[in-house]
Amino acid sequence: MNEAALTLEGWYALHDFRSLDWTAWTAADDEERAVALEELHAFMQEWGPVEEAKEGSSTVYSIVGQKADFVMMFLRESLEALNALETAFNKIAFAQYTTKAYSYVSIVELSNYAAGGTAGDGSDPMLNPHVAARLKPILPQAKHICFYPMNKKRELADNWYMLDMDKRRELMHSHGLIGRGYAGKVKQIISGSVGFDDWEWGVTLFAEDALQFKKLVYEMRFDEVSARYGEFGPFYVGNLLTEESFEEMLKL
Ligand code: VOV
């Protein structure tokens, strides 16, 4: 049997994409809208204490284009906690003015291809602050988000899972080098979703300049890992929503 890469897992992730039902929102009266906004505010107010307690991280971005209107991204300790969050959202009055657009379930993942950092000596990798910060990341309040799911190909001629460990490590090294060229411009969170969702990984990118998403993803297309083995799902791109800008977006 071929050697699987060892993976470390951190927080579970839910990307919860919703669309606004503008017909229902505009048909509601001022009081109904006020109640909905108040409950949305209360829902979002709970995110801060969770982050302070280091039990997770949360953020919300608008989505540009027709695939969705906004995405709430949650990182939590367990699938139960993610489940409780989506149910809690569904119960608030504001949710009645939204429809479900898409969702993605995964877990923040680090593999041992780039050996440095991932402990192989039996010690608890979470004791390494760099590893801990990667696996349980506080989501940056970057202006833009880009999310897409992806697979590594399993075709007869091009099968990632049939490559030996040394070859995969070599290819991932080159992948990492391209990524490093975007240090300070793009922050990536890679989450594994084999057994959890329809693709093998979720890729979440954050940047102050959205153009850097295009530059990075394009450059990576020429790297063998992506050029030969990458398969990509739908792309979602959007803008950071604060409580204020979220309300502004909903103002009639
Ligand atoms: C923003 C920069 C950036 C940087 C620095 C970076 C580096 C690295 C390193 C060092 C490693 C290996 C160790 C680990 O961390 O697991 C990875 C791992 C991974 N990556 Fe990456 N990646 C980036 C960015 C980055 C992008 C933009 C994509 C999407 C690919 C594209 O074509 O659209 C991606 C994908 C992945 C995936 C799916 C994995 C897991 C592969 C597996 O088979 O297990 N990644 N990645």
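1. Basis. The model is predicted, so local features need pLDDT of at least 70 and side-chain atom pairs count only at pLDDT 80 or more, while totals for chains, interfaces and linings use all residues. Residues are numbered from 1 along each chain as its sequence is written, and side-chain values use heavy atoms, with hydrogens and water left out.

2. Iron site. His175 is the only protein donor of the ligand's iron atom, through NE2 at 2.1 Å. Donors here are N, O and S atoms within 2.8 Å of the metal (3.2 Å for Na, K and Ca); water is not among the atoms, so sites may look incomplete. His175 sits in helix α6, residues 165–180. Helices (H or I, at least four residues) and strands (E, at least two) are DSSP runs numbered from the N terminus.

3. Annotated positions. UniProt, in an unreviewed entry, places an "active site" at Tyr148. Its "binding site" list, also from an unreviewed entry, holds Arg134, Tyr148, Pro149, Met150, Asn151, Lys152, His175, Gln188 and Ser226. UniProt positions are given in the numbering used here, feature names are shortened, and annotations may be inferred rather than shown by experiment.

4. Tyr148. This residue belongs to strand β5 and is buried, at 6% relative accessible area. Buried means under 20%, exposed over 50%, and partly exposed in between (1.4 Å probe, protein chains only). Leaving aside residues up to four places away in sequence, Tyr148 touches Trp201, Gly202, Val203, Leu205, Val217, Phe232, Pro234 and Phe235. Contact means heavy atoms within 4.5 Å.

5. Asn151. Strand β5 also holds Asn151, which counts as buried at 14% relative accessibility. Again leaving out residues up to four places away in sequence, Asn151 has contacts that include Glu200, Trp201 and Tyr229.

6. Salt bridges, overall. Side chains of opposite charge can pair when their charged atoms come close. The whole structure has eight salt bridges, each being a side-chain nitrogen of Lys or Arg within 4 Å of a carboxyl oxygen of Asp or Glu. Asp158, Glu224 and Arg228 are joined in a network of such bridges.

7. A buried pair. Asp16 bridges to Arg18, with 2.7 Å between the closest N and O atoms. Asp16 is buried at 4% relative accessible area, and Arg18 is buried too, at 3%.

8. A pair across the chain. Glu200 and Arg154 form a salt bridge at 3.8 Å, N to O. The two residues are 46 apart and link distant parts of the chain: Glu200 is in the loop between β6 (186–192) and β7 (201–207), and Arg154 is in the loop between β5 (144–152) and α6. Glu200 is buried, at 9% relative accessible area, whereas Arg154 is exposed, at 59%.

9. A pair within a helix. Lys167 and Glu170 meet in a salt bridge at 3.5 Å, N to O. Both lie in helix α6, three residues apart, about one turn of the helix. Lys167 is partly exposed, with 28% relative accessible area.

10. Second largest pocket. Its volume is about 230 Å³, and its lining includes Met44, Trp47, Ser58, Gln141 and Leu241. Helix α3 (47–52) and strand β2 (56–63) each supply at least two lining residues. On a 1 Å grid over the protein atoms alone, a pocket is an open set of points where a 1.4 Å probe fits, with protein on both sides within 12 Å along at least five of seven lines; lining residues have an atom within 4 Å of a point. Grid points are joined across faces, edges and corners, and a volume is the space filled by probe spheres set on the points.
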